[in-house]
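Reader: I'd like to go through the disulfides in this one. Can you put it up?

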Amino acid sequence: QLVESGGGLVQPGGSLRLSCTASGFGVDYVAIGWFRQVPGKEREGVSCMNIYGTTNYPDNVKGRFTISKDNAENTVYLQMSSLGPDDTAVYYCAKISSCGRNGSGNMFGSWGQGTQVTVSS
């Protein structure tokens, strides 16, 4: 199971760190991806990390988002900076089969409840 947290309201240009805490398995044994979704749009991948620590991002967040993990805490983080209104979405983490160069991958298992990020002044 994966549980997301850390979302909230942030002003444009601000930063936020999301957490994805795992239970029942170790995050060092699977690839993990962060995704986001807004109503009416498909869920999109915004970052991923494979078991070797290799990370990938799509162009629209590259340089602004950073995925990392703490094996001792069994948690994967998403540090987001220079946030804009287009980053407003519900953010999810998930186990993925592999971490693609586009910052996404095929998820397996189930989606969590997500955490809402709202960028607004």
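Author: What follows covers the disulfides and their surroundings. This is a predicted model, where local features need pLDDT of at least 70, side-chain atom pairs count only at pLDDT 80 or more, and totals for chains, interfaces and linings use all residues. Residues are numbered from 1 along each chain as its sequence is written, and side-chain values use heavy atoms, with hydrogens and water left out.

Reader: How many disulfides does a search of the whole structure find?

Author: Two, where a disulfide is a pair of cysteine sulfur atoms within 2.5 Å.

Reader: Which residue does Cys 20 form a disulfide with?

Author: Cys 93, with the sulfur atoms 2.1 Å apart. The pair links distant parts of the chain, 73 residues apart: Cys 20 lies in strand E3 (residues 16–22) and Cys 93 in strand E9 (residues 89–96). Strands (E, at least two residues) are DSSP runs, numbered from the N terminus.

Reader: Why is that disulfide of Cys 20 and Cys 93 right-handed?

Author: Because the torsion about its S-S bond is about 80°.

Reader: Is Cys 20 buried or exposed?

Author: Cys 20 is buried, at 0% relative accessibility. Buried means under 20% relative accessible area, exposed over 50%, partly exposed in between (1.4 Å probe, protein chains only). Cys 93 is buried too, at 1%.

Reader: And what does Cys 48 form a disulfide with?

Author: Cys 99, with 2.1 Å between the sulfur atoms.

Reader: What pattern do the disulfides follow?

Author: 1-3, 2-4, counting bonded cysteines along the chain.

Notes:
Helices (H or I, at least four residues) and strands (E, at least two) are DSSP runs, numbered from the N terminus.
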